[in-house]
Structures are given as structure tokens and as C-alpha cells.
Amino acid sequence: MCEVTTALPSESEDGRPVIVAVCGKGGAGKTSVSAAVVRALLQDPAHRVLAIDADPAAGLASALGVEVTRTVDDVRSDLIRQVESGSGGDTKEMLSKLDYQVFEAISERGNLAFLAIGRPEKEGCYCQVNDLLRDIIATLAESFDAVVIDGEAGVEQINRRVMERVTHLLAVSDASARGITVAKAIRDVAQSAVRYERAGLVLNRIRGEEELSKLPIPEELECLGWLPEDEAVRKAGLEGGCLLDLPEGGFVDAVSGCLSRFGIHTATPAVAPEPTS
Ligand SMILES: Nc1ncnc2c1ncn2[C@@H]1O[C@H](COP(=O)(O)OP(=O)(O)OP(=O)(O)O)[C@@H](O)[C@H]1O
Ligand SMILES: [Mg+2]
């Protein structure tokens with residue numbers, strides 16, 4: 001059954017940035033939800049938000065109207081190429097320049113910064129480079145108020161390729177049994193493999209309370225709420241439009257409502273459909 005829990009304070013417990021990782025079955029709405037979470041967090045102009053696209057399919061950039069010229073994987077591949085060909089000079093020196101190169105890959109617009117991770121790693125063990133890049137991203141995250149990561153599907157990949165620490169694990173599912181099973185599996189894996197403070201489920205493209213009440217929601221997953229089918233989201237998906245321009249109401253307000261139940265309070269008052277038990 002879907003239970004509403006009380007909200008926690010808006011910051012993570014240690015006062016560090018809130019890091020929201022959005023995961024779920026393919027096509028469940030991860031990118032749309034990530035973009036709406038970013039939109040909600042950007043409402044406060046003093047709030048600096050870092051959006052990270054950790055999906056190689058790179059949908060978040062267009063959902064946020066950002067152009068990607070370079071990804072973290074481009075930085076990584078260039079470095080490996082240089083090391084392997086011996087063309088870049090001293091390896092230590094090259095590694096020391098890695099953080100500048102990651103910073104250069106960031107696109108900024110107002111209080112939004114955007115970083116794309118790129119494709120999964122090539123074969124071969126480049127653990128030192130991978131670990132270093134992960135450390136650089138984690139250090140970078142510290143200078144923001146909030147970080148939103150649009151994940152590929154599971155949280156292990158975020159943990160391995162982007163950051164070890166996540167504060168809020170947000171699983172998105174549609175009304176399908178498969179979507180809910182994947183969301184539960186993500187939470188189960190996260191429990192043993194990832195450091196996170198809270199995990200919650202958001203149900204997307206739901207027709208109403210009646211449909212919600214029939215869904216087999218696992219008890220172990222805190223249900224944060226449901227999002228309606230939204231014409232503006234559908235249109236933006238079809239046309240590759242920017243979701244930051246979504247009108248208030250419907251999907252946007254429902255996402256804000258889910259965030260506030262997750263203990264993340266945004267500047268816009270949330271009027272969202274509440275899940276009932
Ligand atoms: N609530 C909604 N109402 C209408 N359309 C939606 C809604 N949520 C998602 N969509 C549409 O469904 C499609 C898939 O959504 P989205 O890209 O957000 O999912 P995803 O989980 O990121 O997919 P992928 O696994 O391919 O990255 C998009 O075309 C999007 O516009
Ligand atoms: Mg996506």
C-alpha cells in the first residue's frame with residue numbers, strides 16, 4: 001500500500017548538498033521527472049543546481065534546453081588515448097589537469113549547471129582515471145545546493161560512474177508491473193551497494209486514485225505520490241522540447257509535491273495529488 005510519510009528538513013542531514021538520483025525502468029519517465037525536479041529546485045534564484053545526465057542516451061540535455069559539447073567520457077577517453085600513445089607528456093601532470101577539463105565540460109545557464117557523463121567506459125581497467133573522475137564530480141557537487149542525476153536505469157551505475165554518495169534515491173515507475181518490479185529491485189540493490197539517506201517511489205502517468213489503489217506497490221518502498229499523464233510533457237517528449245518551460249499545475253506541481261514529501265522543499269507551493277493508503 002502507498003503510505004504518506006512526513007517530510008524531513010530540506011537539507012541533507014550533514015548540511016551537504018541534496019543529491020537526488022532518479023532511477024527506474026526504461027521509458028518510465030526518469031528524464032521528465034529529473035527535468036521537473038531541476039525546474040522546481042531552480043525556482044529559488046539563490047539556489048545553485050547541478051544537473052548530471054548519467055544516461056548515455058543523453059536525454060536530459062534537451063529536456064533542459066542545454067547543448068552538450070563535451071562529456072566526462074570525452075575527457076576520460078582523451079586522457080587514456082594520450083597516455084596510451086605517450087603523446088601527452090607526464091601522466092601525473094595530465095591527471096592533475098583533469099579537474100579543469102571536467103569543469104570545462106560544464107554548461108551553465110543562470111543558476112543551472114549541467115554535466116553529461118557520456119557513454120559507458122570502454123573495455124579495460126582504468127581504475128585510477130575512473131576513481132579520480134568520480135572524486136572530481138563529488139568535489140564539484142559540494143559547491144552546489146542541490147544535484148540531480150538522471151540515471152540510466154539502476155543506481156549501481158550512478159555509484160560506479162558518477163558518485164558514491166546519493167542522499168535521495170528516487171525510483172520512477174509507470175503503472176506496469178514490470179516498472180514497479182524494477183523500482184523495487186533498484187531499492188534492494190541500493191540497500192546493499194549504495195550510501196543513501198532516503199529512497200522513495202514516484203508513480204508516473206497514473207490516471208487517478210482508483211488506478212493507483214490497484215497497483216501492487218511494495219511495502220518497503222516509500223510512495224511519494226503520483227504524476228498525471230500530462231499533455232505538455234508528452235508534447236515536449238515528442239518534439240524534444242525544453243521541460244523547464246512547462247506550465248505550472250499538473251505534472252510540475254505533482255513533482256513538487258513528491259519532493260516535499262521527500263523532505264526537499266522548493267520555492268513553489270506544492271499542490272499535488274496525495275497518495276492514499
Ligand atoms: N506524465 C507524463 N505525461 C505524458 N508523457 C510523459 C509523462 N512522463 C513521460 N512522458 C513521455 O514518455 C516518454 C518517456 O519519458 P522519459 O524520456 O522521461 O523516460 P525515461 O525513463 O527517461 O526513458 P529512457 O529510459 O529512454 O531514458 C517521453 O516521450 C515523455 O515525454
Ligand atoms: Mg531518459
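This report describes the helices, strands and selected residues of a predicted protein model.

## Overall composition

The secondary structure of the protein chain consists of 11 helices and 8 strands. The chain has 277 residues, and buried residues account for 45% of them.

Contacts can also be sorted by how far apart the two partners lie in sequence. Among contacts between residues at least 6 apart in sequence, 76% join residues at least 24 apart.

## Helix 1 and its packing against helix 11

Helix 1 covers residues 30-42. At 1.5 Å a residue, its 13 residues should span 18 Å, and this agrees with the end C-alpha atoms, which are 18 Å apart. The helix is mostly covered, since 13 of its 13 residues are buried.

Two packed helices are described by the angle between their axes and the distance between the axes. Helix 1 packs with helix 11 (residues 250-261) at an angle of about 75 degrees, and the two axes are 9 Å apart. Helix 1 and helix 11 are therefore roughly perpendicular to each other, as angles from 65 to 115 degrees are counted in this way. On the side of helix 1, the contact is made by Val 33, Ala 36, Val 37, Arg 39 and Ala 40; on the side of helix 11, it is made by Phe 251, Val 252, Val 255, Ser 256 and Leu 259. By residue type, this contact divides into 8 nonpolar, 1 polar and 1 charged.

## Phe 251 in helix 11

Phe 251 belongs to helix 11. It counts as buried because it has 28 C-beta neighbours inside 10 Å, and the cut-off for a buried residue is 20 or more.

Not counting residues up to four places away in sequence, Phe 251 touches Ala 36, Leu 227, Pro 228, Asp 230, Val 233 and Leu 246.

Helix 3 (residues 72-85) has 14 residues, which at 1.5 Å a residue should span 20 Å; its end C-alpha atoms are 20 Å apart, in agreement. Within this helix, Val 72, Val 75, Arg 76 and Leu 79 are buried. These residues cover an arc of only 95 degrees around the axis, which puts them on the same side of helix 3.

The buried residues of helix 3 are covered by elements that include helix 4 (91-96), helix 5 (98-104), strand 4 (112-116) and helix 6 (127-141). The face turned away from the buried side carries the exposed residues Arg 81, Glu 84 and Ser 85. After helix 3 comes Gly 86, whose phi is positive, near 70 degrees.

## Two residues of strand 7

Ala 199 lies in strand 7 and is buried, with 25 other C-beta atoms within 10 Å. Leaving aside neighbours within four places in sequence, Ala 199 is in contact with Leu 169, Ala 171, Arg 187, Ala 190, Leu 221 and Glu 222. Leu 169 is 30 residues from Ala 199 along the chain, while the C-alpha atoms of the two are separated by 4.5 Å.

Arg 205 also lies in strand 7, which runs over residues 198-206. It counts as buried because it has 22 C-beta neighbours inside 10 Å. Most residues other than glycine have a negative phi. Arg 205, although not a glycine, has a positive phi of about 60 degrees.

Definitions and conventions:
Residues numbered from 1 in each chain as written. Chains lettered and ligands numbered in written order. Predicted model: local features only at pLDDT ≥ 70, side-chain atom pairs only at ≥ 80, totals over all residues. Axes fitted to C-alpha atoms, helices over the stretch in contact; angles between N-to-C directions. Helix = DSSP H or I, 4+ residues; strand = E, 2+ residues; numbered from the N terminus. Parallel < 35°, antiparallel > 145°, perpendicular 65-115°, else oblique. Contact = placed C-beta atoms within 7 Å. Nonpolar A, V, L, I, M, F, W, Y, C, P; charged D, E, K, R; others polar. Expected span 1.5 Å × (residues − 1). Buried ≥ 20, exposed ≤ 12 C-beta atoms within 10 Å, placed from the backbone. Arc of directions from axis to C-beta.
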